[in-house]
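Hi everyone, thanks for making time this morning. I'd like to walk you through one structure, so let me put it on the screen.

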Amino acid sequence: MNKEALSIFSEIAQKLLQAERENGVIKPISTEALFEKLDLNLSPEACSDSDWKQSITNLVLQTPRTSTKKFFNQLFGGRNTYATIGDLLAVLLNNSLYTYKVGGAMIGVEKVLIREISHLLGYDPETSDGLTVPGGSMCNMMAMIMARDFRNSEIPQTGVQTKMIYYTSEDSHYSIPKNASFIGIGRNQIRLIPTNRQGVMDTETLQEIIEKDLAENMIPTMINATAGTTVLGAFDPISTCADIAEKYGVWLHVDGAYCGAVLYSNKYKHLIDGVHRADSFCFNAHKMLNAPISCSIFLAKEDKMLYQSFNNEANYLYQTHDDYFNPGKISMQCGRRNDALKLWTLWKAIGTNGLGKMIDHQFALAKHARSYIESHPDYILYSFENSISVCFNYKNIPANELCNQLYQEGLLMVGYGDFRGEQFVRLVTVNAGNEVEDIEAFFNIIETMF
Ligand SMILES: *Cc1c(COP(=O)(O)O)cnc(C)c1O
């Protein structure tokens, strides 16, 4: 890497930023045309520097634009400058966060994040610990493994030999049943607890189902409470779940991948009241905090439970320093990308209060969108307060058709969701760089098109 390489990077990056300003969305390339239209081919021969640069530039400019004001497609969006600089530097530095010897100061960065988040959650920073993890699905898997080993500490040696049951709402993330198949629990041992009209888990039914499982000699093992369900953005009642978890001695995990970052907001942290009682918690800074993908944080209330499930001796790796500074001992991976720096650079820049303001702004944008929908008779609203997922239909146009047409025409990227047999457009106000005008522009595009 030299000066010239940096200037090539900068040249391509500036072209991309310019193109994003001109067009927030590109017309999609069909899968049939993909390999014809773009020079993706690899060959035995080297290509000239200028061809190489040209190919990369074309490729970058023909890739879906996920960071513009017209991308509302999933639960991420925006490009936070401070976090992006942090992530670019992490690539240059290329540390692996398994040992202090190799990660050094970056281990400190990760530990500070974990301690500060512990503090905000109401965990004891002395006995809790955690780390950055490649995605919310993997965070949920870590929690599910720890719950399994908490219920029976022999399992890491013997394997699963009984029916261990996991409880999660029917609107929770698909990674829960998927992980069950990976970790020897089996999808059949996942109980999908019904939700109410607003997508919130019905805890009375939860308790009844646990009793039924006990009567059949099954082993209740974990309750997963979701903080921000993937479609509606609903919050399960953590305190009630904690009462039930305590009563039956099962692990409580809070999947805050989508909206757990409300912990930064004085105004909205009540949505995760009781989280200090959860055995584990995660959130995705690449969702509400607009950090580059992926930036997921996992915390466990008791550090020793992390060691129980994830520690493995390796003399060729761990050669210096205390376990606490060698987080390879509490991670699923060996080599581990530095996903911590981008959240630290962001947090350092705007402070805890600034992160809280991002969250508050997203809820304010959602509120604005909901009132826009309610005051325009062509729309039907499906969502509720305290959610940044704004679900609606327009002029009875099937949501999949509406979203698909906006995509094909290169006008907007927005997706749709389902709840109780109803399909609707799902506008997610997760890009904290958007303003009220951008939300109105979104509706105007739809109204002009249809
Ligand atoms: C997005 C999401 C996940 C998965 O996170 P990834 O980082 O995409 O793996 C898990 N749970 C919920 C509730 C989510 O919204």
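This is a predicted model: local features need pLDDT of at least 70, side-chain atom pairs count only at pLDDT 80 or more; totals for chains, interfaces and linings use all residues.

For Ser-137, a side-chain N or O atom is 2.9 Å from an oxygen atom of the ligand. For Lys-287, the distance between a side-chain N or O atom and a ligand oxygen is 2.9 Å. How much of the ligand does the protein bury? Taken alone, the ligand exposes 380 Å², and the protein buries 85% of that.

Now let's step back and look at the surroundings. The ligand sits in the second largest pocket. There are 15 residues around the ligand, and those that come nearest are Gly-136, Ser-137, Asp-255, Asn-284 and Lys-287. Sorted by class, this shell has 10 polar, 3 nonpolar and 2 charged residues. Which helix gives the most to the shell? That is helix α7, residues 136-151, with 3 residues.

Next, salt bridges. A search of the whole structure finds 18 of them, and I'd like to show you one. Asp-213 pairs with Arg-191, and their closest N and O atoms are 3.1 Å apart. This pair links distant parts of the chain: Asp-213 is in helix α10 (residues 203-215), Arg-191 is in strand β4 (residues 190-193), and the two are 22 residues apart.

Finally, some backbone details for those of you who enjoy them. Most peptide bonds are trans, and most residues other than glycine have a negative phi. With that in mind, look at the peptide bond from Ile-293 to Ser-294, which is cis, with omega near -15°. Ser-294 lies in the loop between β7 (280-284) and β8 (296-300). Then there is Asn-217, which is not a glycine but has a positive phi of about 60°. You'll find Asn-217 in the loop between α10 and β5 (219-226).

That's my tour, and I'm happy to take questions.

Conventions:
Residues are numbered from 1 along each chain as its sequence is written. Side-chain values use heavy atoms; hydrogens and water are left out. A residue is near a molecule or strand if one of its heavy atoms lies within 4 Å of it. A polar contact is a pair of N or O atoms within 3.5 Å; within protein, one must be able to donate a hydrogen and the other to accept it, and residues adjacent in sequence count only if both atoms are side-chain atoms. Accessible areas come from the Shrake-Rupley method with a 1.4 Å probe; for residues, only the protein chains shown count as cover. On a 1 Å grid over the protein atoms alone, a cavity is a set of points where a 1.4 Å probe fits but cannot get out, and a pocket is an open set with protein on both sides within 12 Å along at least five of seven lines; lining residues have an atom within 4 Å of a point. A molecule sits in a cavity or pocket if more than half of its atoms lie within 2 Å of its grid points. Helices (H or I, at least four residues) and strands (E, at least two) are DSSP runs, numbered from the N terminus. Ala, Val, Leu, Ile, Met, Phe, Trp, Tyr, Cys and Pro count as nonpolar, Asp, Glu, Lys and Arg as charged, and the others, Gly among them, as polar. A salt bridge is a side-chain nitrogen of Lys or Arg within 4 Å of a carboxyl oxygen of Asp or Glu.
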